[in-house]
Amino acid sequence: MPAEIKLFMCRTDNFGALLHDRESGETAIVDAPEEAPILAAIEHSGWTPTMILTTHHHADHVEANLALKQRYKLRIIGPEAEREKIPGIDDTVEEGSVIPFGSETIEVIATPGHTAGHVCYHLPKSKVAFTADTLFALGCGRLFERPAPVMFESLKKLAALPTDTVVYCGHEYTLSNARFALTIDPDNAALLARAEKIEALRADGKPTLPTTIGEELATNPFLRWADAGIRKHLGMEKASDADVFAEIRKRKDNF
Ligand SMILES: [Fe+2]
């Protein structure tokens with residue numbers, strides 16, 4: 001049976017998520033942006049958290065680590081490269097690490113760029129990936145600690161996951177991402193249709209997650225470096241994939 005997931009909002013635009021294996025009762029909190037909504041989600045679910053999976057050290061992803069650790073007997077797992085910056089960390093992971101999770105395993109994908117040690121968590125059996133601030137629905141994270149070529153390699157790894165992988169990201173930025181995406185890829189019918197759907201969801205106050213790798217490959221300009229239409233639009237027909245990505249990221253910074 002695939003892992004169960006509960007998604008909820010924290011702070012202003014952070015997503016919180018609970019991940020649960022029914023057979024073993026194992027439950028992970030994926031990032032800990034804010035204590036109260038996480039406690040409410042736990043209470044509502046009836047699950048007992050056994051671990052926090054930390055993607056990166058930013059305060060809006062780790063703020064509730066210590067409070068949750070004090071309340072529950074859980075282990076905090078996070079990237080080795082950010083060990084010093086993650087409150088309460090017990091176990092560290094890196095590219096290729098495997099975390100036992102009930103009847104399945106969670107695989108760690110190192111995705112530096114937004115931060116130097118950012119990791120994503122992938123459950124191949126359940127076909128789910130938590131991509132935090134690396135890959136957003138229709139966007140990608142800002143490059144705070146590593147330059148564009150590094151983020152490009154990180155995104156390439158996520159783009160190579162099976163297309164039916166269900167994706168949960170770290171923030172509800174999808175509407176502004178959609179508006180930007182349309183400036184890069186204005187003739188993409190799949191993007192136009194998705195942008196309309198997103199406008200409607202947000203008008204109703206509904207989340208735009210989850211997405212899938214396949215949907216992102218079809219509509220997210222940050223994964224579409226090879227697309228002939230985008231390259232033509234940017235006047236970069238002969239540029240490398242990494243350079244096309246870097247140009248799109250630069251335009252988003254100034255959007
Ligand atoms: Fe972040």
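Predicted model: local features only at pLDDT ≥ 70, side-chain atom pairs only at ≥ 80, totals over all residues.
Residues are numbered from 1 along each chain as its sequence is written, and side-chain values use heavy atoms, with hydrogens and water left out.

The iron ion has as its protein donors His56 (NE2), His58 (ND1), His114 (NE2) and Asp133 (OD), which lie 2.2 to 2.3 Å from the ion. Donors are N, O and S atoms within 2.8 Å of the metal (3.2 Å for Na, K and Ca), and sites may look incomplete because water is not among the atoms. The angles among the four donor atoms run from 85 to 176 degrees, and the site is irregular; four donors count as tetrahedral if all angles lie between 85 and 135 degrees, four count as square planar and six as octahedral if opposite donors are over 155 degrees apart and all others between 65 and 115, and anything else is irregular. Along the sequence, the donor residues follow the spacing H-x1-H-x55-H-x18-D. Helices (H or I, at least four residues) and strands (E, at least two) are DSSP runs numbered from the N terminus. His56 is buried, with a relative accessible area of 0%, and His114 is buried at 5%, where buried means under 20% relative accessible area, exposed over 50% and partly exposed in between (1.4 Å probe, protein chains only).

Glu172 is placed in the loop between strand 13 (166-169) and helix 5 (174-184) and is buried, with a relative accessible area of 10%. The side chain of Glu172 makes polar contacts with the side chains of Thr174 (3.0 Å) and Thr208 (2.7 Å); a polar contact is a pair of N or O atoms within 3.5 Å, of which, within protein, one must be able to donate a hydrogen and the other to accept it, and residues adjacent in sequence count only if both atoms are side-chain atoms. His122, in strand 9, is also buried, at 7% relative accessibility.

Helix 6 (residues 189-203) has 15 residues that should span 21 Å at 1.5 Å a residue, in agreement with the 21 Å between its end C-alpha atoms; the expected span is 1.5 Å times one less than the number of residues. Leu191, Arg194, Ala195 and Ile198 are buried in helix 6. These residues cover an arc of only 105 degrees around the axis, which puts them on the same side of helix 6, the arc being that of the directions from the helix axis to the C-beta atoms. On the other side of helix 6, Ala189, Glu196, Lys197 and Ala203 are exposed. At the start of helix 6, a side-chain oxygen of Asn188 comes to within 2.9 Å of the backbone nitrogen of Ala190, and just after the helix Gly205 adopts a positive phi of about 70 degrees.

In helix 4, the buried residues are Ala148, Met151, Phe152, Ser154, Leu155, Leu158 and Ala159. Viewed down the axis of helix 4, its buried residues fall within an arc of 165 degrees, so they line one face of the helix.
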